[in-house]
Structures are given as C-alpha cells and as structure tokens.
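Here is my note on the charged pairs and the surface of this model. Please read it with the structure open.

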Amino acid sequence: KKGNEGPRTVEVVKRAEKDGRREGIMDNGATAAARYKAGDRPKMTAEERAKRLAEMQEDAARNESRRTKEVAQMLSKEDAKDKEDTRRTAEDDEAFTRKMNTETFMASATSMEGRLSARKHYRERPGGD
C-alpha cells in the first residue's frame with residue numbers, strides 16, 4: 001500500500017468528494033499543483049492585469065510612505081534620546097565632581113587652619129635651612 005491508498009484514506013477522500021469539498025483532499029494539493037504546472041490555470045485578461053498592476057502600485061506607494069514615516073519617527077526618537085543622554089551625562093559629571101569635592105575637602109569637621117597645621121611638615125619655608 002502506498003501512503004494515500006489505504007482503506008481509511010480512500011474512505012476520507014470519497015466522503016469529501018461526496019460532500020462537495022475540495023477534490024483530492026488527501027493529496028495535499030499535489031494534483032492541483034501538477035495541473036497548475038502543466039499550464040492548466042485561468043488566464044488573466046488585459047483589463048484584470050491592468051487592475052492588478054494598479055493595485056500593486058498603490059500598495060507599494062502606501063507601504064513606501066509608511067516606511068518613510070516610520071524611519072523619520074525612529075530617527076527623531078533616536079535624536080531625542082541622544083540629546084537626553086548627553087544632557088544627563090553632563091549633569092551626572094557635574095554632580096559627581098561636586099560630590100567628590102565635598103567629600104574630599106569638606107567631609108571632615110576640621111577647619112582650614114586645622115588642615116594646614118596637620119600638613120605643616122610637608123610645607124617648604126622660604127629663607128631658612
């Protein structure tokens with residue numbers, strides 16, 4: 001027995017044909033494809049071809065305008081994001097520098113006099129040996 005010749009397959013195909021459903025339901029369209037390949041297909045009239053061409057051109061124009069609009073939106077979003085990132089980076093750099101200066105120079109409760117006296121052994125004094 002071949003794949004489509006079993007008793008169950010034949011029964012299904014006969015029932016489908018009796019019910020008026022697609023002919024050759026179990027051949028997965030192989031029969032129709034063979035007929036199509038052999039040239040047994042409906043031919044379009046010149047009017048139908050012109051109508052189909054006009055529809056395709058209209059669809060192409062609509063798709064192209066949609067794509068152009070999407071690309072423009074994407075570019076504007078990208079530019080806005082880049083500007084925001086640049087602004088945020090500048091603010092973050094400034095905040096970081098401010099924070100480091102505060103932590104470095106103002107973290108202790110010592111005054112300027114206290115810091116200078118703590119580092120007096122590093123200072124060079126002019127005029128004396």
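The points below cover the basis of the model, its salt bridges and one surface patch.

1. Basis. This is a predicted model: local features need pLDDT of at least 70, side-chain atom pairs count only at pLDDT 80 or more, and totals for chains, interfaces and linings use all residues. Residues are numbered from 1 along each chain as its sequence is written, and side-chain values use heavy atoms, with hydrogens and water left out.

2. Salt bridges overall. The structure holds nine salt bridges. The term stands for a side-chain nitrogen of Lys or Arg within 4 Å of a carboxyl oxygen of Asp or Glu.

3. Asp59 and Arg62. These two form a salt bridge, with 2.3 Å between the closest N and O atoms. Both residues lie in helix α3, three residues apart, about one turn of the helix. Helices here are DSSP runs (H or I, at least four residues), numbered from the N terminus, while strands are runs of E with at least two residues. Asp59 is partly exposed, at 34% relative accessible area. Arg62 is partly exposed too, at 46%. The classes are: buried under 20% relative accessible area, exposed over 50%, partly exposed in between (1.4 Å probe, protein chains only).

4. Arg66 and Glu70. Here the closest N and O atoms of the salt bridge are 3.2 Å apart. Arg66 and Glu70 are separated by about one helical turn because they sit four residues apart in helix α3. Arg66 has 39% relative accessibility, so it counts as partly exposed. Glu70, at 40%, also counts as partly exposed.

5. Glu94 and Arg98. This salt bridge has its closest N and O atoms 3.1 Å apart. Both partners belong to helix α3 and are four residues apart, about one turn of the helix. Arg98 counts as partly exposed, with 49% relative accessibility.

6. Nonpolar patch. Which residues make the nonpolar surface patch? Val71, Met74 and Leu75 do, with an area of about 280 Å². Patches take residues with over 30% relative accessible area and no salt bridge; like charges are joined within 9 Å, nonpolar side chains (Val, Leu, Ile, Met, Phe, Trp, Tyr) within 5 Å. Areas come from the Shrake-Rupley method with a 1.4 Å probe, and for residues only the protein chains shown count as cover. Val71 is placed in helix α3, residues 46–106. Val71 is partly exposed, with a relative accessible area of 41%.
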